[in-house]
Amino acid sequence: MKKEKKLWLGLAAVLLLSFSVLGYYGYEIYQKAPPIPDKIISPSGDIIFTNSQIKDGQNIWQSIGGQEIGSVWGHGAYVAPDWTADWLHREALFILDIYAQKDFNTNYKLINEEQQAALKIRLQKDLRANTYNETTKSITISEERILAIQYLSNYYKGLFTDDPKFDQLRSDYAIPKNTIKSEERMQKMNAFFFWATWATVTQRPDENISYTHNWPAEELVGNVPTKSLFTWSGVSIVLLIMSIGIMVFYHVKSGEDEHIPAPVEDPLLRQGITSSMRLVKKYFWVVSLLMVVQMLLGIVTAHYGVEGDGFYGIPLDQILPYSVTRSWHTQLAIFWIATAWLATGLYIAPSISGKDPKFQVFGVNFLFIALLIIVAGSMFGQWLGIMQKLNLVENFWFGHQGYEYVDLGRFWQIFLLIGLFLWLALMARPLLPILKKKTEEKNLIIMFLISCIAIAMFYGAGLMWGRQTNLAIAEYWRWWVVHLWVEGFFEVFATVVIAFLFVRLGLLKTKTAIHNVLFATIIFLSGGILGTFHHIYFSGTPTAVMALGATFSALEIVPLTLIGYEAYHNYKLSKATRWLKDYKWPIYFMIAVAFWNFLGAGIFGFIINPPIALYYVQGLNTTPLHSHTALYGVYGTLGIGLMLFVLRSLYRDIRWNEKLLKISFWSLNIGLLAMALLSLLPMGVWQALESIEHGMWYARSAEFMQHPGMIILKWLRSIGDIIFAIGMVTICWFVFDLTLKNKTILNK
């Protein structure tokens with residue numbers, strides 16, 4: 001008990017200290033975010049843009065898909081450019097040409113290097129100067145910059161409307177004609193693009209770095225890496241190596257896990273199945289269907305990279321443009337993975353007590369219907385928003401919020417949050433009577449409930465920004481959802497559930513399980529909570545955020561480097577006794593989770609974590625490389641594994657279709673690996689090299705992304721996609737074949 005108490009105190013300390021720091025620097029972000037002025041004016045006082053135009057422009061950008069159609073500050077999709085990097089480069093060249101014409105009566109590119117250097121210094125003095133006036137809340141810009149705004153406003157107007165000169169570029173960027181349907185809306189979106197770009201080059205008060213820490217790299221305007229980028233990158237690598245050494249020492253010192261004799265028969269054979277437990281199979285029907293739909297949308301979305309205005313000649317972009325298919329693809333990933341995990345929880349909670357509380361069946365059915373409404377309603381709302389059929393307020397509430405992974409409208413967010421608290425109630429009601437009995441499993445159940453509470457609560461962070469919140473502040477809260485909710489407390493929930501399943505199978509002592517869970521949670525959250533900051537190095541945040549993000553995100557990787565230990569442990573458990581062969585495929589999926597934790601979350605995650613690395617690769621294909629191999633590889637694979645555990649328990653006397661499961665397991669894993677190694681990794685590396693040499697604008701440009709070699713790499717992805725699709729279809733086939741053919745669940 002002494003060791004257990006220390007672990008609980010350690011967990012409490014980690015949570016208290018980490019969230020205190022996270023909250024303090026959140027306050028700093030509020031105070032030091034790039035200011036949105038009341039007006040942007042010329043030297044003579046003429047108004048160029050107003051506060052409302054900038055804020056409405058942000059909402060218009062969000063309504064067409066936001067981060068699903070290109071990116072801003074590096075966050076978003078990868079077919080269209082990063083609009084801030086693109087605007088900045090075009091603006092710099094335009095102004096340099098003005099200078100060159102005035103001084104040398106020719107274009108900038110035609111003058112010699114010494115003359116170019118002098119003009120670049122003049123440009124940097126203009127663009128980097130912070131002219132924001134705290135008293136008048138205004139920004140004053142030069143006449144040359146005003147001319148650049150006029151030029152770029154016409155350029156983006158032609159691109160986002162229907163100018164025939166931009167037909168090929170629109171196709172390259174997968175932007176349909178008339179994405180923006182009025183000149184007024186286009187002018188407002190240009191105001192937002194200018195402000196977001198202004199923040200990337202304008203120096204913070206009393207500092208020599210821009211609001212986005214000199215991101216994106218752009219030599220023309222003096223956006224170059226700073227000393228702190230190199231310093232904290234070095235610190236993160238040293239800390240990673242040191243922490244790995246400590247973890248290795250701990251594992252050696254602790255020795256082998258205790259071995260307990262495996263039960264002679266499956267303990268779950270004696271477990272009763274309640275009415276509510278039987279209902280979770282329909283959740284798995286939805287999971288299976290959403291997996292297939294999400295996979296199909298992924299194929300269409302990837303194809304837009306080589307044919308941006310259609311699908312094999314079909315003008316699909318007029319009905320389902322890239323921003324729609326990508327929104328649905330990313331959102332459905334969250335939906336089906338979360339549904340698989342929530343269904344597992346709904347199965348486990350009543351299984352402990354062996355009976356349903358009053359109205360449990362009603363609650364499980366009600367939650368199921370609510371989830372269906374949320375999925376269908378939010379997707380339809382996103383389509384309406386992107387097709388510009390909603391005004392800005394309606395779009396915020398029912399359409400497309402424009403933030404990747406939390407695209408759904410605010411109404412649907414609130415609806416989902418209520419659903420999560422309903423799920424929490426359904427989880428807690430069967431477990432509370434068990435806690436009062438003070439059984440041996442008490443602490444494991446407490447940890448289980450804590451993870452469930454965190455899952456319900458932390459999704460609420462998505463309600464912390466408003467319709468016109470400063471982008472830097474909205475990004476801070478968005479990563480609370482994406483990192484803390486998805487990558488953080490779902491990870492804790494998974495750790496507890498897996499430990500609980502092994503305890504129930506008689507393969508792990510309860511005391512050992514709770515020690516392992518507490519220790520793993522402490523290690524993960526020690527880096528994971530403050531590691532949130534590594535997502536927002538360049539999102540208008542203070543330098544301290546980068547220092548903390550670099551340091552603690554390195555700690556996130558530490559437990560993943562030793563994940564092979566967990567994989568081998570699970571493999572040994574699968575061989576412990578003959579009856580465990582029934583659980584072969586659920587355990588194999590757990591082993592695959594360990595592999596993807598190491599490769600996808602660990603290796604592919606760390607190569608983009610250090611500040612100096614992310615400075616050049618943020619918004620390149622190194623990001624989807626990490627997200628695909630971590631989001632599906634870890635959380636998706638785990639969701640399937642948990643689903644199979646539950647189905648094995650429900651249909652315990654049924655012989656499974658081993659051939660289907662074998663095809664599915666190997667197709668999913670080989671397909672994902674092929675997708676990563678044949679396409680995403682080489683594309684990302686090539687883009688990174690071009691970003692280092694030429695800048696972010698070029699690494700995301702149509703000129704480079706439509707290079708014949710890049711097109712070949714995009715097509716190579718289809719090899720992995722096809723193999724992966726086979727796995728998705730066969731796992732769906734398996735679930736429906738098992739549950740529909742065997743309608744009666746045995747051993748009730």
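A salt bridge is counted when a side-chain nitrogen of Lys or Arg lies within 4 Å of a carboxyl oxygen of Asp or Glu. The structure is a predicted model, in which local features need pLDDT of at least 70 and side-chain atom pairs count only at pLDDT 80 or more, while totals for chains, interfaces and linings use all residues. Residues are numbered from 1 along each chain as its sequence is written, and side-chain values use heavy atoms, with hydrogens and water left out.

Q: What N to O distance separates the side chains of K188 and D56 in their salt bridge?
A: A search of the whole structure finds 17 salt bridges. One of them joins K188 and D56. The N to O distance in this pair is 3.3 Å.

Q: Which helices hold K188 and D56, a pair that links distant parts of the chain?
A: Helices (H or I, at least four residues) and strands (E, at least two) are DSSP runs, numbered from the N terminus. The two residues are 132 residues apart. K188 belongs to helix 7 and D56 to helix 2.

Q: Are K188 and D56 buried or exposed?
A: Buried means under 20% relative accessible area, exposed over 50%, and partly exposed in between (1.4 Å probe, protein chains only). K188 and D56 fall in one class: buried.

Q: What is the distance between the closest N and O atoms of R326 and E404?
A: R326 is in helix 11 (residues 322–353), while E404 is in the loop between helix 13 and helix 14, 78 residues apart. Both R326 and E404 are buried. Their salt bridge has its closest N and O atoms at 2.8 Å.

Q: At what distance do the closest N and O atoms of R122 and D103 lie in their salt bridge?
A: R122 counts as partly exposed because its relative accessible area is 35%. D103 is partly exposed too, at 36% relative accessibility. The closest N and O atoms of the pair are separated by 2.4 Å.

Q: Which residues does R717 touch, not counting residues up to four places away in sequence?
A: R717 lies in helix 26 (residues 708–741). At 15% relative accessibility, R717 is classed as buried. Its contacts are A302, H628, M675, S679 and L680.

Q: Which residue in strand 6 is the bridge partner of N133?
A: Strand 5 and strand 6 (residues 138–140) run antiparallel and are joined by two bridges. In strand 6, N133 is partnered by S138.

Q: What is the phi value of A174, a residue other than glycine?
A: A174 lies in the loop between helix 6 (167–173) and helix 7, and A174 is buried, at 2% relative accessibility. N178, in the loop between helix 6 and helix 7, also has a positive phi. For A174, phi is near 55°.

Q: What is omega for the peptide bond from W215 to P216?
A: P216 is in the loop between helix 7 (183–201) and helix 8 (227–254). The bond from W215 to P216 is cis, with omega near 5°.

Q: What accessible area do V393, W397, F398, F411, I414, I418 and L463 have together?
A: Patches are made of residues with over 30% relative accessible area and no salt bridge: like charges are joined within 9 Å, nonpolar side chains (Val, Leu, Ile, Met, Phe, Trp, Tyr) within 5 Å. Accessible areas come from the Shrake-Rupley method with a 1.4 Å probe, and for residues only the protein chains shown count as cover. Helix 13 (392–398) and helix 14 (410–436) each supply at least two residues of this nonpolar patch. Together the residues of the patch have about 590 Å².

Notes: Pairing = 2+ DSSP bridges. Contact = heavy atoms within 4.5 Å.
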